[in-house]
Amino acid sequence: MQALLILLAASGLFFGMANQLAHLPPLVLIFPAILYYMATGETRSASVFRRALLAGILGYTACIYWVAVPLEEQTGMHWSLAMPAPALLATYLALYAALFALGVRLMRDKLPPMLRALFAGLLWASLEFLRGTLFTGFPWAILASAFASWPAALQPLSLMGSYAYSGVMVFVICQLIEAARTRKPAPLAAGTAAIALCAAWSLFAWNTPIQTTAPVRTIMVQGNIDQGQKWVPAYQNGTVHRYVDMTHGALTNAPADLVVWPETAMPFYLQEKKEYLSLVRELVVAEKTPLLVGTPAYAAGTDGRKWNTLNRAYLLTPDGLMNSWYDKEHLVPFGEYLPFGQYLPFLEVFFEGTGEFQTSSAIHPVSYSNLALGVLICYETIFPELAQQRVEEGANLLVNISNDAWFGKTAAPEQHLHLAVLRAIEQGRYLIRSTNTGISAIVDPKGTIITRGSLFRAETVNGIAATVSRTTPYHNAFTFIHVLLIGACLSCIGYGMTRKNP
């Protein structure tokens, strides 16, 4: 019976998240439901922890199997070392699921059923917040992201954010479990009330017109440059001409207010390649259209380095100037830098090809005319606090440039897009997403993907975004919401520990 529950929990997580077999978002709630059911059953704490950990390992491994692809194909790691990588990362993610189950088990007899379900929701939300923060953070496959293909169901994100909304969903499912177990109306009423309140906000938000300040006709150029050739110097000339020619052709057919090229679309130091920089500048000046382009860059070094290597997005304005840029601040561990590499040099043997990027202070909105672009490079879009920071700095439009070619034809590009949907709703901003191989898209402030491209096809994707100046309740109460979550969770623990059991 326990083995069946573990498999059912893992299957719910997999089929609830975006995948290439069958995706049905509500199934993701089976995962926390079974963890809660096991934790409140008659069993030992150690057994609960082990079973929840195993369910998490199986479920998260199935969701992020694609982690092995870049490790084997792009970093040169031997397949025997790359294949276990998804399971190792999944074990880390599963640890939070196991801590959830353990926490519920430890408070099982200390809290009454309704408060226990509330504690479960608060604990889940707090653990997702910690997972997105600790050790540089990795908030992938959070519960709310499963519903990105159902944007009408995600409108509470503009009120409370993705972590809190995940907690509300867990609260509801746990109250329903308590209602079935105790056969009392109070838990059912509490769960129904939470659903009704979320539905009321969703109905209100969904039917409220988006208040924009100016339309932005946008062209995303998806070069579909093969990752195996991308960084080879012999292919640089062809890469530049592909992007220039595709952009010129697209602008000939339809004028635009902004053109966006993907992360490292120019796979060399554009600032020093004068012949290629001239081609790009000539394009921008001739078309009189601003261009955001991803490229490596370098600047005067810090911490004893002669130079800092940066993952940069330049904005070229119609007068040919390149005076505004953003440097990626949240680098990918083992992809763009080697954690503790200076202390553990032997890691370089296993992660040959890992970048040696640094960060800089250039994180202000990239601006031109009425555009204030809040740039998020690659997986920066999975972090709520980074989108929050961009809007806090004055961004009226979010732009995510990425290169998901690393992951091949897997579920990763779709999962990555789904996480970008969460940021658009939370911050009430249009989000433009331009990628090398897909999925390029425009997401509106309600989470609707209003235009999207294909996977692994060289194409230009046209769409209309807009600038927005208003901020969401979630943005305005960002810090308060997360402090409240953790504070309320700790308060439940404190109450349970001091309460005299009946």
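**Close-up views of a predicted model**

**View 1. Salt bridge between R433 and D404.** R433 and D404 are both buried (under 20% relative accessible area; exposed is over 50% and partly exposed lies in between, with a 1.4 Å probe and protein chains only). They form a salt bridge, with the closest N and O atoms 2.8 Å apart (a side-chain nitrogen of Lys or Arg within 4 Å of a carboxyl oxygen of Asp or Glu). R433 belongs to strand β9 (residues 431-435) and D404 to the loop between β8 (397-402) and α14 (412-427), so the pair ties together parts that are 29 residues apart in sequence. Helices (H or I, at least four residues) and strands (E, at least two) are DSSP runs, numbered from the N terminus. The model is predicted: local features need pLDDT of at least 70, side-chain atom pairs count only at pLDDT 80 or more, and totals for chains, interfaces and linings use all residues. Residues are numbered from 1 along each chain as its sequence is written, and side-chain values use heavy atoms, with hydrogens and water left out.

**View 2. Salt bridge between E329 and R390.** The side chains of E329 and R390 meet in a salt bridge at 2.9 Å, N to O. Because E329 lies in the loop between β5 (324-327) and α12 (347-350) and R390 in helix α13, the pair ties together parts that are 61 residues apart in sequence. E329 is partly exposed, at 25% relative accessible area, while R390 is buried, at 1%. Helix α13 (residues 384-392) has P384, L386, A387, Q388 and V391 among its buried residues, along with R390. G394, which follows α13, has a positive phi near 115 degrees.

**View 3. Salt bridge between E178 and R116.** The structure holds eight salt bridges; in one of them, the side chains of E178 and R116 meet at 2.8 Å, N to O. This pair links distant parts of the chain, with E178 in helix α8 (residues 157-182) and R116 in helix α7, 62 residues apart. E178 is buried, with a relative accessible area of 0%, and R116 counts as buried at 10% relative accessibility.

**View 4. Packing of helices α2 and α7.** Helix α2 (residues 30-39) packs against helix α7 (residues 113-131) at an angle of about 130 degrees, with the axes 12 Å apart. α2 is therefore oblique to α7 (angles under 35 degrees count as roughly parallel, over 145 as roughly antiparallel, 65 to 115 as roughly perpendicular and the rest as oblique).

How values were computed. Axes fitted to C-alpha atoms, helices over the stretch in contact; angles between N-to-C directions.
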